[in-house]
Amino acid sequence: MKVAFRVDASSQIGTGHFMRCLTLADELRQRGTQIRFISRHLPEYLLNMEATKGIEFMPLNGDSNAAIVDDLAHSHWLGISQHTDAQDSIQALSDLTWDWLVVDHYSLDSRWESALRQVVKNILVIDDIADRRHDCDVLLDQNFYADLDTRYTGKVPAHCRLMLGPRYALLRDDFRRLREQVKPRTGPVKCILVFFGGVDADNYTGRAVEALS
C-alpha cells in the first residue's frame, strides 16, 4: 500500500499536525506501507525525525506569497493559493498511484482535495475545527466536543466515514508505555507543567497565564 501525507509545520502552525501524522505514518511504515510526506513548511529538526524513521520526504518549493490567500480562516498559513498548492502537490505525487492521501492542514478544503483525486484513490482528512467543507472518504477528529455527532453535518460527502472522539486519538507507543508506569496522583496539586509544543510561545504565554489565574 502507498500512503502520502500533506502537512506543514512552523512556529505559527505548530508541530501538532506533523506529529500526529508522523505517528500514523510510522505505524503504517512498520506494517510495510510505502510512505511519502509532502510539505511546504518544515523545519530542519522535523526533517531529521522523518529521516530517522526512514520516511520519504518531498518538499513543495513553489514561491510563497502572503498576499495570495483564499477565503478560509487559516488561509494565511499556506502562504499560497490552494490552486497553486494543489498543482505542486499533484506534481510531487504524480510518479505513483497512491492508495491514500492523508491531509492535515487548516488551510486546505474540498477544492484542494477534489483536485488531488486525479493522483490518489482515497482521501483521509484529519481535522478538529470543523470550519470548512471536505471532499474525503474518511474524516478523523480525535477530540471530544458536545456537538461531536453533528459538527461535520453538511461538511463531508454522504459516503464519508467519520472517526470521531478520543478513541481514535493518534498517540505514540511511548505514551501507552509510560501510562502503565504512572502512579495515581493523590493530594493537592503543587506543580503544573505548561507545554507549548512547537508554536511561538510568546504569543500564547499571556493566554496561558490568564487561563490559570
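User: When do two strands pair, and which residue in S4 is the bridge partner of Val7?
Analyst: Two strands pair if DSSP finds at least two bridges between them. In this predicted model, S1 and strand S4 (residues 98-104) run parallel and are joined by five bridges. Within S4, the bridge partner of Val7 is Asp104.

User: Which residue in S2 is the bridge partner of Phe5?
Analyst: Strand S2 (residues 34-39) runs parallel to S1, and five bridges join them. On the S2 side, Phe5 has as its bridge partner Phe37.

User: How many of the six residues of strand S1 are buried?
Analyst: A residue counts as buried when its relative accessible area is under 20%. Strand S1 covers residues 2-7 and is largely enclosed by the rest of the structure, because the number of its six residues that are buried is five.

User: Is Arg31 buried or exposed?
Analyst: Arg31 sits in the loop between H1 and S2. The cut-off for exposed is over 50% relative accessible area. Arg31 has 66% relative accessibility, so it counts as exposed.

User: How far apart in space are Arg31 and Met1, C-alpha to C-alpha?
Analyst: In sequence, Arg31 and Met1 are 30 residues apart. In space, their C-alpha to C-alpha distance is 9.6 Å.

User: Which element gives the largest share of the lining of the largest pocket?
Analyst: The largest pocket has a volume of about 610 Å³. It is lined by 24 residues, and those closest to its centre are Thr15, Gly16, His17, Met19 and Phe195. By class, the lining has 11 nonpolar, 10 polar and three charged residues. Its largest share, five residues, comes from H1.

User: Which element gives the most to the lining of the second largest pocket?
Analyst: The second largest pocket holds about 390 Å³ of space. Of its 17 lining residues, Thr23, Leu24, Glu27, Leu171 and Arg172 are the closest to its centre. H1 and helix H5 (173-179) each supply at least two residues of this lining. With eight residues, the element that gives the most is H1.

User: How many charged residues are in the lining of the second largest pocket?
Analyst: Asp, Glu, Lys and Arg count as charged. Sorted by class, the lining of the second largest pocket has seven nonpolar and two polar residues, and the number of charged residues is eight.

Key. Residues numbered from 1 in each chain as written. Predicted model: local features only at pLDDT ≥ 70, side-chain atom pairs only at ≥ 80, totals over all residues. Heavy atoms only, no water. Buried < 20%, exposed > 50% of the residue type's maximum accessible area, 1.4 Å probe, protein only. Helix = DSSP H or I, 4+ residues; strand = E, 2+ residues; numbered from the N terminus. 1 Å grid on protein atoms, 1.4 Å probe; cavity = no way out; pocket = protein on both sides within 12 Å on 5 of 7 lines; lining within 4 Å. Points joined across faces, edges and corners; volume = space filled by probe spheres on them.
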